[in-house]
Amino acid sequence: MERAVGGEGRPGSVEVDAPAVLVGFARALRAAGVDAGPDRVQAFLGALDVLRPAARSDMYWSGRLTLCGCRDDLERYDRVFAAYFGGARSERWAARAAPPPRLRAVVRDAGPAPRTRVEGERDAVPTAVLASSAEVLRHRDFAGLSEAERGQLRRLLAAFALRGEPRRTARLRPARRGVVDPRRTVREMLRRGGEPVLPRSRARAERPRRVVLLVDVSGSMAAYADALLRFAHAATHAAARGTRVRTEVFTIGTRLTRVTRELTHRDPDTALAAVAAAVPDWRGGTRLGELLRAFLDRWGQRGMARGAVVVVLSDGWERGDPELLAAQMRRLHRLAHRVIWANPRKARPGYAPLAAGMAAALPSVDAFVEGHSLAALERLAAVVRGADHETAGA
């Protein structure tokens with residue numbers, strides 16, 4: 001398909017292969033540091049099909065809205081657009097084609113008359129506005145968040161608490177209902193001078209199961225790795241806040257790295273910096289089958305996976321042998337209490353688990369859930385603690 005992309009419908013425009021030009025533009029953006037991946041390029045081409053591909057203003061805004069992921073990308077986008085399509089007029093196109101600002105009504109509580117603003121004091125934001133923005137952010141895909149939204153997301157993720165599914169232990173504790181506790185009953189009778197008393201009862205104590213998180217940090221998961229590791233950091237520190245959950249965290253890519261110790265830092269940014277220094281295969285390939293076998297050989301059969309809730313956070317892209325992944329998933333399923341797979345790409349329209357790795361793993365997965373947004377992670381936390389068995393199946 002050939003279209004005029006050099007001008008705005010003027011006579012004499014040069015006909016070129018539009019898709020090739022636009023894909024080349026995306027490659028130039030990636031070379032400049034903009035994370036214009038295949039999904040964003042597809043969105044860019046779809047937007048141009050709806051709009052006018054020969055109009056520079058439509059091309060500029062289609063690319064700006066679909067290919068840029070954060071505020072830092074905007075300056076790079078303008079520079080590459082001007083260099084790739086000729087002329088340094090992107091600022092004028094932006095100013096001319098930008099939609100007019102809309103007035104937004106904000107409901108404020110009735111209160112005393114406004115007071116004079118003190119110098120250096122931050123502007124007060126109504127609670128309703130903050131709650132509304134947080135609610136909208138809960139359902140936004142991590143890959144499409146701005147830098148300001150990511151900052152708000154980090155604050156929301158820091159408040160996460162991940163609790164494993166409760167299980168009965170061999171230890172008995174006092175209870176209102178259960179079997180008779182002879183020792184407590186006799187001690188109570190002696191305390192009352194031999195008078196008859198109601199029998200005291202005891203029951204088995206409950207304790208959350210261990211949670212093991214396997215976080216994919218390969219290149220295909222680059223847009224989600226930061227949020228998922230912050231989720232893992234919050235899960236690790238939930239145990240430190242007294243929830244009695246043992247949480248182990250590993251990163252998977254081309255190597256398997258245990259990062260539980262790095263995530264013990266209280267500050268999330270410090271913890272993620274320690275993880276980045278410890279993980280040698282950040283944004284590399286994916287060898288799920290080999291790494292899962294390494295995990296089971298070194299840690300899983302020693303007890304870490306036995307009876308635990310194992311959560312794999314990955315898109316399922318596999319560079320190795322899918323049969324190896326299927327065999328190791330069956331092995332993991334026999335050891336663990338439950339195996340949960342959270343895939344950030346599951347929420348996309350038309351998604352089907354057709355990738356070789358995902359298709360090989362699914363028969364051994366107890367729950368197949370989304371992992372692309374804050375709301376999806378909240379649902380994942382509910383599945384981990386056993387509160388959503390009926391609707392979480394694959």
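Reader: Is Asp39 buried, partly exposed or exposed, and at what relative accessibility?

Author: The model is predicted, so the value is computed from predicted coordinates. Buried means under 20% relative accessible area and exposed means over 50%. The value for Asp39 falls in between, so Asp39 counts as partly exposed, at 40%.

Reader: Which side chain does Asp39 meet in a salt bridge?

Author: The whole structure holds 16 salt bridges. In one of them, at 3.0 Å from N to O, the side chain of Asp39 meets that of Arg345.

Reader: How many residues apart in sequence are the parts that Asp39 and Arg345 tie together?

Author: Asp39 lies in helix H2, residues 38-50. Arg345 lies in the loop between strand S10 (338-343) and helix H13 (356-361). The pair therefore ties together parts whose separation in sequence is 306 residues.

Reader: Is Arg345 buried or exposed?

Author: The cut-off for buried is under 20% relative accessible area. Arg345 has 16%, so Arg345 is buried.

Reader: Which helices are linked by the salt bridge of Arg230 and Asp269?

Author: The side chains of Arg230 and Asp269 meet at 2.7 Å, N to O. The two residues are 39 residues apart, and the pair links helix H9 (residues 222-243) with helix H10 (residues 268-278).

Reader: What are the relative accessible areas of Arg230 and Asp269?

Author: Arg230 is buried, with a value of 8%. Asp269 is partly exposed, with a value of 46%.

Reader: Are H2 and H3 roughly parallel or roughly antiparallel?

Author: Helix H3 covers residues 56-67, and H2 packs with H3 at about 150°, with the axes 9 Å apart. Angles over 145 degrees count as roughly antiparallel. H2 and H3 are therefore roughly antiparallel.

Reader: How many nonpolar residues does the contact of H2 with H3 have?

Author: On the H2 side the contact includes Val41, Phe44 and Leu48, and on the H3 side it includes Met59 and Leu67. By class, the contact has two charged residues, three polar ones and, for the class asked about, seven nonpolar.

Reader: Is the crossing of H2 and H3 left-handed or right-handed?

Author: The crossing concerns the helix pair whose axes are 9 Å apart. H2 passes H3 in a crossing that is right-handed.

Methods. Residues are numbered from 1 along each chain as its sequence is written. This is a predicted model: local features need pLDDT of at least 70, side-chain atom pairs count only at pLDDT 80 or more; totals for chains, interfaces and linings use all residues. Side-chain values use heavy atoms; hydrogens and water are left out. A salt bridge is a side-chain nitrogen of Lys or Arg within 4 Å of a carboxyl oxygen of Asp or Glu. Helices (H or I, at least four residues) and strands (E, at least two) are DSSP runs, numbered from the N terminus. Buried means under 20% relative accessible area, exposed over 50%, partly exposed in between (1.4 Å probe, protein chains only). Axes are lines fitted to C-alpha atoms, for helices over the stretch in contact, and angles run from 0 to 180 degrees between N-to-C directions. Angles under 35 degrees count as roughly parallel, over 145 as roughly antiparallel, 65 to 115 as roughly perpendicular and the rest as oblique. A crossing is left-handed if the near helix is turned anticlockwise from the far one by less than a right angle, and right-handed if clockwise. Contact means heavy atoms within 4.5 Å. Ala, Val, Leu, Ile, Met, Phe, Trp, Tyr, Cys and Pro count as nonpolar, Asp, Glu, Lys and Arg as charged, and the others, Gly among them, as polar.
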